[in-house]
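Subject: Structure handover

Hello,

Here is the structure for you to look through. Please open it first, then read my notes below.

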Amino acid sequence: RAPGQPGRGGMRRFTWEEIGQRSGRGPAPQERWLVIDRKVYDISHFCRRHPGGSRVISHYAGQDATDPFIAFHLDKALVRKYMSPLLIGELAPDQPSFEPSKNKKLVEDFRELRATVEKMGLLQPNHAFFFLYLCHILVLDVAAWLIIWYFGASLVPFLFSAVLLGTVQAQAGWLQHDFGHLSVFSKSRWNHWVHKFVIGHLKGAPASWWNHLHFQHHAKPNCFRKDPDVNMHPLFFALGKTLSVELGVQKKKFMPYNHQHKYFFIIGPPALVPLYFQWYIFYFVVQRKQWVDLAWMMSFYIRFFLTYLPFLGVKGTLGLHLLVRFIESNWFVWVTQMNHIPMHIDYDKNVDWFSTQLQATCNVHQSFFNDWFSGHLNFQIEHHLFPTMPRHNYWKVAPLVKSLCAKHGIEYQCKPLLTAFADIVHSLKDSGELWLDAYLHK
């Protein structure tokens with residue numbers, strides 16, 4: 001019987017070669033298929049209606065998506081009901097359960113680890129943790145206003161208030177990340193509702209925009225053209241050894257990349273200051289008609305200006321907002337980039353889930369301060385392997401992840417906080433030099 005023909009029970013059978021051709025590129029550019037638990041699904045039209053966004057699911061077209069499917073979805077039984085109309089067949093009996101190029105033992109060992117994590121209850125959240133976390137943010141927010149109210153608008157109270165409000169923005173950023181990843185409540189919609197409040201009302205940003213970008217990053221971290229977080233290559237930076245050399249060989253120079261470790265300080269950490277980014281997110285919600293997100297965002301700006309305008313006037317309130325965004329931006333960029341920029345960056349090579357995450361992420365040492373300062377993203381490896389895991393459990397699964405790395409000879413990087421910051425600059429310097437060498441000599 002030829003592959004792709006009906007087998008017993010009328011179910012069509014496919015080979016990995018056939019599935020690999022349905023990636024949205026290549027011989028059948030209009031077709032997108034993927035595999036979950038040996039079942040083959042045609043997502044060519046569904047991808048536009050996918051609740052997590054069209055791009056994140058399309059990044060797995062032509063590939064086995066079993067592990068990301070398990071990692072991202074809470075109610076798998078419900079999701080499978082939506083998937084049944086997309087089912088077009090299954091892998092032929094002589095085909096392995098995932099691509100022959102993947103490390104069979106590693107895939108099996110990781111799936112065993114996932115089962116262990118579920119049995120240990122490490123995916124169960126402690127609601128008191130997140131409630132107290134939200135309270136500490138609200139207390140800081142109120143304290144910032146009380147300082148201006150009590151001490152007046154002179155320089156010292158103004159700066160002190162700005163630091164507190166910058167802290168509120170950074171910490172609310174980590175908290176919205178928890179709800180965005182569905183790691184606080186057992187029901188997806190409860191997480192989505194509170195996510196809109198935290199990112200919209202406490203931060204003035206749209207949940208739909210965050211979901212659209214962030215899940216792509218998790219699906220294919222540091223994969224050029226699939227992870228939006230590395231989209232600053234090649235326009236602003238030359239990232240990763242392979243891509244930097246490729247850029248040099250092609251004689252492309254959008255920026256003087258050999259100086260990128262210096263100009264990073266100018267265009268990297270201040271990225272969220274209200275010049276481009278703040279306007280872009282408004283454009284995003286209007287263009288996509290996300291009116292609920294827009295209402296939540298407006299509620300943040302209305303509250304901010306109503307509470308500070310009487311004390312600071314228009315110029316003072318705008319100045320405070322600018323300074324708060326500057327503090328938040330520096331905090332956010334250093335923390336989020338320390339785990340990824342120094343790591344492997346390349347095109348998608350379709351390796352297994354465990355290797356995909358480990359080659360693109362590193363950890364920072366645990367301490368009470370590091371946990372708080374980074375929103376537990378110092379455990380970036382564990383977060384990427386189990387994105388719906390509540391962050392207070394990362395430290396519990398870390399030893400199991402380390403032992404799996406040791407068993408398979410995979411490097412588990414963990415470093416001090418300041419070393420992690422410095423490594424961003426060092427890696428940019430290295431890739432800039434590789435680009436220059438290729439640009440001049442290859």
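The expected span of a helix is 1.5 Å times one less than its number of residues. Keep that in mind for helix α6. This is a predicted model.

Helix α6 covers residues 127–151, 25 residues in total. From first C-alpha to last it reaches 36 Å, close to the 36 Å expected.

Now look at the ends of α6. Asn-126 caps the N-terminal end. A side-chain oxygen of Asn-126 lies 3.1 Å from the backbone nitrogen of Ala-128. Just after the helix comes Gly-152, with a positive phi of about 90 degrees.

Next, the buried side of the story. Phe-130, Tyr-133, Ile-137 and Leu-140 are among the buried residues of α6. Asp-141 is buried too. The buried residues of α6 pack against α7 (155–180), α13 (291–338) and α15 (368–374).

In soluble globular proteins, nonpolar side chains tend to be buried together. Here, the largest nonpolar core has 106 residues. Leu-320, Phe-354, Leu-385, Phe-386 and Val-401 touch the most other members. Helix α13 gives the largest share of this core, 14 residues. The contacts of Leu-320 include Phe-158, Ala-162 and Phe-304. A second, separate core has 7 residues, including Phe-14 and Trp-16.

How many cavities of 30 Å³ or more does the whole structure hold? The search finds 2.

Best wishes

Definitions and conventions
Residues are numbered from 1 along each chain as its sequence is written. This is a predicted model: local features need pLDDT of at least 70, side-chain atom pairs count only at pLDDT 80 or more; totals for chains, interfaces and linings use all residues. Side-chain values use heavy atoms; hydrogens and water are left out. Helices (H or I, at least four residues) and strands (E, at least two) are DSSP runs, numbered from the N terminus. Buried means under 20% relative accessible area, exposed over 50%, partly exposed in between (1.4 Å probe, protein chains only). Contact means heavy atoms within 4.5 Å. A polar contact is a pair of N or O atoms within 3.5 Å; within protein, one must be able to donate a hydrogen and the other to accept it, and residues adjacent in sequence count only if both atoms are side-chain atoms. A nonpolar core is a set of buried Ala, Val, Leu, Ile, Met, Phe, Trp, Tyr and Cys residues joined through side-chain atoms within 4.5 Å. On a 1 Å grid over the protein atoms alone, a cavity is a set of points where a 1.4 Å probe fits but cannot get out, and a pocket is an open set with protein on both sides within 12 Å along at least five of seven lines; lining residues have an atom within 4 Å of a point. Grid points are joined across faces, edges and corners, and a volume is the space filled by probe spheres set on the points. Lists of a residue's contacts leave out its neighbours within four places in sequence.
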